[in-house]
Protein chains: 2
Amino acid sequence: MSGPEAENPGDLIASDRVEGTAVYNRAGDRLGHISNFMVDKRSGQVRYAVLSFGGFLGLGNDRYPLPWSILNYNKDKGGYVVDLDREKLDEAPRHLPGVQPDYDEAYGRSVFSYYGLIYPW
Amino acid sequence: MSGPEAENPGDLIASDRVEGTAVYNRAGDRLGHISNFMVDKRSGQVRYAVLSFGGFLGLGNDRYPLPWSILNYNKDKGGYVVDLDREKLDEAPRHLPGVQPDYDEAYGRSVFSYYGLIYPW
């Protein structure tokens, strides 16, 4: 088995090992993989893990910023599990690969609200 | 000019754009580049930006975990600036590329202490 946590037995994970890690829903469907994190410049807090969803090797896929807290690592699967189905993602906030959103407060609130979370900043 | 902040005008930066970004000291010497972040699994807090120091394309370089807070992005340089010289790095906590330290509390304290910082966790 491989996966970011297998390589990092402590409480910390390496960003470059999380990038590319598979994301599954609770039914076991592979939704996509993590393309990257979005990190607060000043505090160093990771705000989003960005899911790349669908397509061959993720090229041209839409990007879905997910609040960090909704991802749970599953050792057996070697990937992250989220309580989301494809229908939920159909309507979710997303952007094209080369087109970053502004990630301002209004955008952050809309993303967190979509996943039923309070925007904490 | 390129650099992670040029691509991310807001308060957030993308992890995969920071990886590979150059790190300079205050004298303008290029020390190396960021190889990756180390992130707290539960909280999503970035604890270290890992500096890859010396050598061609960074292969085989030692890795120096730096507390996130000592890095400052400099737009003109297109990279991070740290108040460290090579002599300080000569004695700094480091590890080989494929050999992760445990990143336990004792290790964290030793790293933060080396850079004159209080370990905040």
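In which sense do strand E6 (residues 72-74) of chain A and E7(A) pair, and over how many bridges? Select both strands: they pair in the antiparallel sense, over three bridges. Two strands count as paired if DSSP finds at least two bridges between them.

This is a predicted model, in which local features need pLDDT of at least 70 and side-chain atom pairs count only at pLDDT 80 or more, while totals for chains, interfaces and linings use all residues. Residues are numbered from 1 along each chain as its sequence is written, chains are lettered from A and ligands numbered from 1 in the order in which they are written, and side-chain values use heavy atoms, with hydrogens and water left out.

**Stop 1: the strands around E7(A)**

Stay on the hairpin of E6(A) and E7(A), which has four residues between the strands. There A:Gly78 takes a positive phi near 65°. A:Asn74 stands opposite A:Gly79 in E7(A). Within E7(A), A:Val81 is the bridge partner of A:Tyr24.

**Stop 2: chain A as a whole**

Colour chain A by secondary structure to see four helices and seven strands. Helices (H or I, at least four residues) and strands (E, at least two) are DSSP runs, numbered from the N terminus. From the N terminus on, the order is α-β-α-β-β-β-β-β-β-α-α. Of the 121 residues of chain A, 53% count as buried, that is, under 20% relative accessible area with a 1.4 Å probe and protein chains only.

**Stop 3: the axis and A:Gly44**

Show both chains. Chain A can be laid on chain B by a turn of 180° and a shift of 0.0 Å along the axis, with an RMSD of 0.0 Å. That is the relation of a two-fold axis. The C-alpha of A:Gln45 is the nearest to the axis in chain A, at 2.2 Å. The superposition is by least squares on the C-alpha atoms of residues with pLDDT of at least 70 in both copies.

Select A:Gly44, in the loop between E3 and strand E4 (46-53) of chain A. A:Gly44 is buried, with a relative accessible area of 0%. Leaving aside residues up to four places away in sequence, A:Gly44 touches A:Val39, B:Gly44, B:Gln45, B:Val46 and B:Trp68; contact means heavy atoms within 4.5 Å. The copies meet through the same surface, since 100% of the interface residues of chain A are also interface residues in chain B.

**Stop 4: the second largest pocket**

About 220 Å³ of space lies in this pocket. Of its 15 lining residues, the closest to the centre are A:Asn36, A:Pro97, A:Gln100, B:Asp16 and B:Arg17. A pocket is an open set of points on a 1 Å grid over the protein atoms alone where a 1.4 Å probe fits, with protein on both sides within 12 Å along at least five of seven lines; lining residues have an atom within 4 Å of a point. Strand E3 (30-40) of chain A and helix H2 (15-18) of chain B each supply at least two lining residues, and E3(A) gives the most, with three.

**Stop 5: Tyr103 in both chains**

Finish at A:Tyr103, in the loop between helix H3 (86-90) and helix H4 (105-114) of chain A. A:Tyr103 has a positive phi of about 55° although it is not a glycine. Most residues other than glycine have a negative phi. A:Tyr103 is buried, at a relative accessible area of 7%. In chain B, B:Tyr103 also has a positive phi of about 55°.

How values were computed:
Points joined across faces, edges and corners; volume = space filled by probe spheres on them. Buried < 20%, exposed > 50% of the residue type's maximum accessible area, 1.4 Å probe, protein only.
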